[in-house]
Structure formats: structure tokens, C-alpha cells
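Here is a short report on aromatic rings and their neighbours. Look at the structure, then read on.

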Amino acid sequence: MSLTTIRHILCPVDTSEPSKQAAAQAYALARATGARLTVLHVAQPIRMPLPAPAPATASTLTDAEERAIRRWMSAPFPVSQEPAPELEFLVEVGVPAAEILTCAKERSIDLIVMGTHGTSGVEHLLLGSVTEKVLRRAACPVLTVPARVSAHTHLPFARVLCAVDFSECSIRALEFAMTTALATGASLLLAHVLEWPWHEPPPPAFDELPPAEATALRGYRERREQQTRERLDRLEPEGFKERCQTYVLHGRPYTEILRLADAQQVDLIVLGVHGRSAVDTALFGSTTNQLVRHATCPVVTVRH
């Protein structure tokens, strides 16, 4: 198992509170890893009312507008801190998600850090936000920072939780979690959730089953849990034996991961994603969507 290389971080920003939180996360990670940090703001073209003379959009900014944008872009970054990462500030005009993805590709970005804007009701189920579009299409890992970061979240991270399902993308997520934990001095938590045909918790009541079925079911559960613990133990990376904990949980994956993250006051959740097609990301019940939308700490999704 190898470490993930983080040489260049991209942080798209706007004037929102989640964006400020994301800027703080990106800066702390850049300092911890020694990565270069590119801060990007995308101004959207202003569409003129119709009928209007061509062109119908204002696709450029005046020098004064760009200077003003750069001033508030640079404000959250305490460049006097040592060691200070190499900082680059970019201002582009266009469609935000497209410009972010283009920037990430052209600069060979290793990690995108951006805020999420919490919504409710029907809007909460819809794809369409800039963050969700980037999550769906980015080739590199994406760290999303929720609108309300829990008060216990530490910078740099103190506790990193990696959700493991033993797939190849899950192993890549573990490599990223290891890299982050080593860079920040954090402890590492590995968790796997056993999902059963019945809703858990609580587990089934064995005394309500016929004796033979209860014995068989109890034995099956114990074997599954033991096999899972052994697989998690084998994944414990070298150098983490004193600060790595493993958990075998029962229930819905996103529910149990969120519960564990809250109970252990986790600062970062890392998970692999099997695909980012439109259909995959649109599924409201997916573990990835649920974790990104409901976590109170940052979440990193790592694509295979």
C-alpha cells in the first residue's frame, strides 16, 4: 500500500461562509503537506435582457473589479504563518463547475477543497449545485466542507475516519487517509459496516426464532464479524499500530459512519466512490450522497 501524493491543491471560493471554512481547510492542508495552493474564483457572465445588442453577455471584468475580487479572495489566508504554502490566486469568468474542472485538469490538481451549501426539502435532493457537479466529474479526490462544521473539528486534523468496503477504490481512499493522517499527526480510524437484510440496530432477537435457526444465524453473524475484523486488521498500515483503531459496525453504511464520526469527534471522513456517472450520483440513497450532505465534518471522496 502506497501513500497518496498531494503536491497541488485547488480551492474554489466565493463570498459564502462554507467557502471561508473550505479556505481554512485548504490552507491548513497545504501547510501540513507542503503542497502548492491555487485559490480560484469564477465570476459568472452577466446576461443582458432581451432584446439586447450583441454581445448578450459581459464576459470580462474591469481591472477595478478584478482587484476588488482578489482583495477578498486573499483575506482568509494568513500568509504571515510559517511555513506558508505557495499561493496562487486566479480569477476567471465563466460557468463555475466547468472552470473548476478545467483548472483542475490543466494544473494537474491532486485535491479539490470546496464548501457545500446546505439546503432542505426538494432542493436537497436535486443535483445542480457547483459542488455536486464537481463531485460527479472530478478525476482527483474532492474534499467537501459542510455549511456547519462541528465545533470540535480540529485544524490540522486530529482524527481521520476511513470507511472501508475492501474494494479497490476503498483502498485508494485508505491511501489518502494515511497520507493525511501522517501529514497532520492524526490518529486513523478504519470502519466497515455490515449491512443486513433487516434493519439494524438493534440486532434480531434470537430468542424469538426457532432454536436451530437462531443458532445458525448467530454463528453466521459471528463469522462475518470475525472475518471482517481480520481483514481490517490486515489493512492497518505500518507505523499506525499505536494510533489506528478498527470498527465493525452493523446497519446502514451512511447512518453508522455518521454515528461513529459524531461519537469519536472525527475531523475528516474519507471514502472511495465506485463511479461518478449521472445516475450513480443522482441516487438519493447512495452512501456518498448521504455522507456529503449530512456530515458535520469535512468529507473526502476518492475516485477509483
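## Aromatic pairs

This model is predicted. A search of the whole structure turns up 3 aromatic pairs. One of them joins Phe-77 and Phe-89.

Where do the two residues sit? Phe-77 is in the loop between helix 2 (63–74) and strand 5 (87–93), while Phe-89 is in strand 5. The pair therefore ties together parts that are 12 residues apart in sequence. Phe-77 has 5% relative accessibility, so this residue counts as buried.

## A cluster of rings

Which residues do ring pairs link into a cluster? They are Tyr-27, Phe-77 and Phe-89.

## Trp-196 and Tyr-220

Trp-196 and Tyr-220 also form a pair. Their ring centres lie 5.7 Å apart, with the planes at 75°, so this pair is edge-to-face. The pair links distant parts of the chain, 24 residues apart. Trp-196 is in the loop between strand 9 (187–194) and helix 6 (211–235). Tyr-220 is in helix 6.

Are these residues buried or partly exposed? Trp-196 counts as buried, at 9% relative accessibility. Tyr-220 counts as partly exposed, at 37%. The cut-off for buried is under 20%.

## Charges over rings

Trp-196 has a charged neighbour too. The charged end of Arg-224 sits over its ring, 5.4 Å from the ring centre.

Another arginine, Arg-231, lies over the face of Phe-166. Here the distance to the ring centre is 3.9 Å.

Note on methods:
Residues are numbered from 1 along each chain as its sequence is written. This is a predicted model: local features need pLDDT of at least 70, side-chain atom pairs count only at pLDDT 80 or more; totals for chains, interfaces and linings use all residues. Side-chain values use heavy atoms; hydrogens and water are left out. Rings of Phe, Tyr and Trp (its six-membered ring) pair if their centres lie within 6.5 Å; planes under 30 degrees apart count as stacked, over 60 as edge-to-face and the rest as tilted. Helices (H or I, at least four residues) and strands (E, at least two) are DSSP runs, numbered from the N terminus. Buried means under 20% relative accessible area, exposed over 50%, partly exposed in between (1.4 Å probe, protein chains only). A charge sits over a ring if NZ of Lys or CZ of Arg is within 6 Å of the ring centre and within 35 degrees of the ring normal.
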